[in-house]
Amino acid sequence: MVLGRAFEDMCAQMYYKMFSFVHFYNGQEVVSTGFIKLLKQQDSIVSTYRDPIHALSKGVFTRAVSKLFSKTTGCCRGQGGSMHMFSWEHNVLGGFAFISERIFVATDAAFTSEYKREVLKEVDCDHVTLAFSRDETCNNGQFFGCLNMAALWKLPIVFVIENNLWAIGMSHLRATSDPQIYKKGPAFEMSGVHVDEMDVLKVKEVAKEAIDRVRRGEGPTLVECETYRFRGHSLADPDELRDPAEKVH
């Protein structure tokens, strides 16, 4: 967590040398640390556009730094800026800017693992996929379609919803009829869990239970991590839409 915060604070100082938007993860580091550090090398993650810290947690470091500065030594030969970290070696299957497309990729990755085990009879294949998404993803039809497919086929996937309460300038409470995202899981007979992201030990406990459950072949889990971002939507955002009193609290 300290590495992630220090990394982004330095990125903020050097932003003028970067040729893309940078969406910081400040305040949400517990989710990345609590979940990704429990994975094996073969396990996959699919991320949002706040993906550099996810990549760091999965072991991508030097190439992630190079990519931020559009260097050819970086991930994807330096193309795509901070929002599209990808590393085949580390099974980081990309950061995605559009809020629903990442769900498809994560579900496909989980299906691949299940296919290897059930059809190709690779009995040792216990790979897990973590699908990181944001609160605004959960109001899209693609989200529900993927939850249905994952539950129907008991895919080895954990849907990790990082609910930082704001979608750019739209409050989560104004955008959804039921703000309790974890309750959407049981609609598909899927386990749904809510956790306070500010409690790293509790996040790790919930993450371990969900990942172990998936490895045992007992089906997917939807985890809502309620968190808060400490900066604006991106470094280009003056963050004037949130009440200052809320940010202090």
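This is a predicted model: local features need pLDDT of at least 70, side-chain atom pairs count only at pLDDT 80 or more; totals for chains, interfaces and linings use all residues.
Which residue forms a salt bridge with glutamate 218?

Residues are numbered from 1 along each chain as its sequence is written, and side-chain values use heavy atoms, with hydrogens and water left out.

The partner is arginine 216, and the closest N and O atoms of the pair are 2.8 Å apart. By salt bridge I mean a side-chain nitrogen of Lys or Arg within 4 Å of a carboxyl oxygen of Asp or Glu. Arginine 216 is exposed, at 53% relative accessible area, while glutamate 218 is partly exposed, at 36%. For those words, buried is under 20% relative accessible area, exposed is over 50%, and partly exposed is in between, with a 1.4 Å probe and protein chains only.

The salt bridge count comes to nine. One of them joins aspartate 126 to lysine 40, at 2.9 Å from N to O. Aspartate 126 sits in the loop between H5 and S3, and lysine 40 in the loop between H2 and strand S1 (44-47), so this pair ties together parts that are 86 residues apart in sequence. Those H and S labels are DSSP runs numbered from the N terminus: helices are H or I with at least four residues, strands are E with at least two. Both ends are partly exposed, aspartate 126 at 23% and lysine 40 at 37%.

Then there's aspartate 43 with arginine 215, at 2.4 Å from N to O. This one links distant parts of the chain: aspartate 43 is in the loop between H2 and S1, arginine 215 is in helix H8, and they are 172 residues apart. Here both partners are buried, aspartate 43 at 0% relative accessible area and arginine 215 at 17%. There's also a network of salt bridges linking Arg134, Asp135 and Glu136.

Now the strands. Let's look at S4, residues 157-163. Is S4 largely enclosed or open? Largely enclosed by the rest of the structure, because seven of its seven residues are buried. In a regular strand the side chains alternate between the two faces of the sheet. In S4 both faces are covered: Ile157, Phe159, Ile161 and Asn163 are buried on one side, and Val158, Val160 and Glu162 on the other.

S4 has neighbours, too. S3 and S4 run parallel, joined by six bridges, and DSSP has to find at least two bridges before two strands count as a pair. Phenylalanine 132 stands opposite valine 160 in S4. S4 also runs parallel to S8, again with six bridges, and there valine 158 stands opposite threonine 221. S8, residues 221-226, pairs in the parallel sense with S7, residues 191-196, over six bridges. Aspartate 196 has glutamate 226 in S8 as its bridge partner.

How do these strands connect? S3, H6 and S4 make a right-handed β-α-β unit, and so do S7, helix H8 and S8. Right-handed here means that, with the strands pointing away from the viewer, the path from the first strand over the helix to the second runs clockwise.

On to the helices. H2, residues 29-36, is largely enclosed by the rest of the structure, since seven of its eight residues are buried. Over in helix H6 we find alanine 151, which is buried at 17%. Alanine 151 and threonine 221 are 70 residues apart in sequence, yet 8.7 Å apart in space, C-alpha to C-alpha.

What about cysteines? The structure holds zero disulfides, a disulfide being a pair of cysteine sulfur atoms within 2.5 Å. Cysteine 225 is in no disulfide, and its nearest cysteine sulfur, on cysteine 138, is 11 Å away. Cysteine 225 is buried, at 0%, and cysteine 11 is buried too, at 6%.

Asparagine 91 has a positive phi of about 60° although it is not a glycine; you'll find it in the loop between helix H4 (62-68) and strand S2 (92-95). Leucine 165 has a positive phi of about 75°, and it isn't a glycine either. Leucine 165 lies in the loop between S4 and strand S5 (166-167). Asparagine 91 is buried, at 17%, whereas leucine 165 is partly exposed, at 25%.
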